[in-house]
Amino acid sequence: AAEEAAAVLVAAAATSMASAAAAAAEEEAVAVVLSAGQMAAAAEEAAAAMKAKLRQQEEAAQMQKMSLEREKDSLLDRVAVDIGGYGAKLDPQTPKRHFDATDFPDPGGSTPQRGVAGAESFNGRHRAEELPPAGGRPVALEPDARLEVLKEGWLLKQSKKLKKWQKRYFVLDNVALYYCRSPTSVPDGFFAIRRCQFHYSEKTCCFDVITPSRVFRMQTPDGVGQLREWAECYKQAMAQRDFPYFHVEQTTRVDLSRELLLGVMSTGLRMVKLGLYDPGFEEEIAIYTFDEIYSWGATDLQTFEFRVASERMPYSFKTMHAQEIEAKLEIKFARWRERRQQQTR
C-alpha cells in the first residue's frame with residue numbers, strides 16, 4: 001500500500017511539473033509573439049512617418065516650383081502689358097519700360113533669357129556708349145533681301161535603287177531646291193543651298209546635287225540650253241551665302257506648317273510658306289516687328305525660340321542655323337534700336 005501511495009505521489013508530481021513547464025513555454029511563446037508584433041508595428045509606424053516626410057518634401061518642392069512659375073508668368077505678363085501686348089491699351093505718350101535679361105527668372109536655374117527687345121545686351125550692360133551722338137549722321141536700316149523663285153520647271157530625277165528616271169517638278173529659290181510631283185503639290189523633298197554642292201555635265205545634260213549623305217542626279221529633258229539656265233540660277237543662289245532666310249521646322253503649333261522659312265528682317269522676323277509660291281510672289285504667314293517681339297535666343301545648337309507680346313505660347317523652331325539666326329537678329333535689332341533712339345531725341 002505504501003509503495004502504491006508513493007507511486008501515485010510521484011505520478012502527481014511529474015504531472016504537476018509537466019503542466020508547469022507547458023505553462024512556462026506557452027508564456028514565453030506569447031511573449032515572443034507580442035515582441036514580434038510590437039517590432040512590426042514600430043517598423044510600420046517608422047515607414048509611415050518616412051513616407052509622410054517625403055510627401056511633405058515633395059509638396060514643398062512642388063509649391064516652390066509653382067511659385068517660381070507663377071512669378072515668371074506674372075513678370076512676362078507685365079512685360080507684355082508694358083509693351084502693349086495681351087490686348088493692353090496704353091497711352092501712346094506713356095514711356096515703355098525697358099527690361100534687363102536678368103528680369104526673367106528660370107525655375108531650372110539655367111542662364112537667363114537673352115535678346116530682350118528694347119533692353120540691354122546679353123550680359124545686361126547698357127550700350128548707350130555705342131550710339132551716335134545727338135545730331136550725328138542718321139542711322140538707316142539696310143534694305144531687306146527679297147525672297148523669290150529663281151527657276152522652276154519639269155526635270156527628270158534619278159531614283160536611288162533602280163536608277164530610273166522619274167518626272168518631278170522643281171522649284172529653286174534663294175534658300176533651297178524643292179521637288180514635288182506636280183506644280184501644286186506639297187514638296188517631297190528639298191536641297192538646302194548652304195549645305196550642298198553643285199556639279200553639271202553638258203555631255204549628259206545632267207547636274208548633281210551633292211549632300212553630306214548622298215549624290216542626287218537630275219536631267220534636263222530639253223537639252224543643254226535648259227541645263228545652262230538651271231546651272232546659272234543655282235550659282236546665283238549659291239552666291240547669296242549671307243541670305244537672311246532660313247529653313248526651319250516646328251512641331252508645337254497646329255496652325256503653322258511643319259516646315260517653313262524664317263526671315264531675319266531689318267525690323268523683325270518674318271515667316272513664309274515653304275517652296276511652292278508663284279514666281280515673284282511670297283506666301284507670307286506672319287511678320288513680327290521688334291515692337292512686338294520681346295525675347296529671343298538659341299536655346300541650344302539646333303533650336304531657336306522667340307516670344308511675341310500678343311501671344312503667350314512661344315515660337316520654337318528646329319534648325320541647323322539657330323546660332324546664325326540669333327546673331328543676325330542681334331545685329332538687326334541693334335541697328336533698329338539705334339535708329340529708334342535717334343528718332344526720339
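Arginine 340 is partly exposed in this predicted model, with a relative accessible area of 31%. The side chain of arginine 340 forms a salt bridge with aspartate 291, in which the closest N and O atoms are 3.2 Å apart. Arginine 340 belongs to helix α3 (residues 322-343) and aspartate 291 to the loop between β11 and β12 (293-300), so the pair ties together parts that are 49 residues apart in sequence. Aspartate 291 is likewise partly exposed, at 32% relative accessible area.

A search of the whole structure gives 5 salt bridges and 0 disulfides. Another of the salt bridges joins the side chains of glutamate 202 and arginine 228, with an N to O distance of 3.0 Å. Glutamate 202 is in the loop between β5 and β6, whereas arginine 228 is in helix α2, so this pair connects parts that are 26 residues apart in sequence. Both partners are partly exposed: glutamate 202 has a relative accessible area of 35%, and arginine 228 has one of 49%.

Helix α2 (residues 224-239) contains 16 residues, and the distance from its first C-alpha to its last is 22 Å, close to the 22 Å expected at 1.5 Å a residue. The buried residues of α2 are Gln226, Leu227, Trp230, Ala231, Cys233, Tyr234, Ala237 and Met238. In an α-helix there are 3.6 residues a turn, so residues three or four places apart point the same way. The buried residues of α2 pack against strands β1 (149-158), β2, β3 (176-180), β5 (197-201) and β6 (206-210). Cysteine 233 has a relative accessible area of 13% and therefore counts as buried. Cysteine 180 is also buried, at 0% relative accessibility.

Cysteine 180 is among the contacts of arginine 168, a residue of strand β2 (residues 165-173). Beyond neighbours within four places in sequence, arginine 168 also contacts Gly153, Trp154, Leu155, Lys157, Tyr179, Arg181 and Asp188. Arginine 168 is buried but has no salt bridge; aspartate 188, the nearest side chain of opposite charge, lies 4.2 Å away. Aspartate 188 instead forms a salt bridge with arginine 181, the closest N and O atoms being 3.6 Å apart. Arginine 181 is exposed, with a relative accessible area of 55%, while aspartate 188 is partly exposed, at 43%.

Glutamate 284 lies in strand β11 (residues 284-289) and is partly exposed, with 40% relative accessibility. Not counting residues up to four places away in sequence, glutamate 284 touches Arg270, Met271 and Val272. The C-alpha atoms of glutamate 284 and arginine 270 are 7.7 Å apart, and 14 residues separate the two along the chain. Glutamate 259 is located in strand β9 (residues 259-264) and is partly exposed, at 29% relative accessible area. With neighbours within four places in sequence left aside, the contacts of glutamate 259 are Phe190, His247, Val248, Glu249 and Leu274. Leucine 274 is 15 residues from glutamate 259 along the chain, with a C-alpha separation of 6.5 Å.

Overall, the protein has 3 helices and 14 strands. Buried residues account for 36% of its 345 residues. Of the contacts between residues at least 6 apart in sequence, 50% join residues at least 24 apart.

Key
Residues numbered from 1 in each chain as written. Predicted model: local features only at pLDDT ≥ 70, side-chain atom pairs only at ≥ 80, totals over all residues. Heavy atoms only, no water. Helix = DSSP H or I, 4+ residues; strand = E, 2+ residues; numbered from the N terminus. Buried < 20%, exposed > 50% of the residue type's maximum accessible area, 1.4 Å probe, protein only. Lys, Arg positive; Asp, Glu negative; His and termini not counted. Salt bridge = Lys/Arg side-chain N within 4 Å of Asp/Glu carboxyl O. Contact = heavy atoms within 4.5 Å. Expected span 1.5 Å × (residues − 1). Disulfide = S-S within 2.5 Å.
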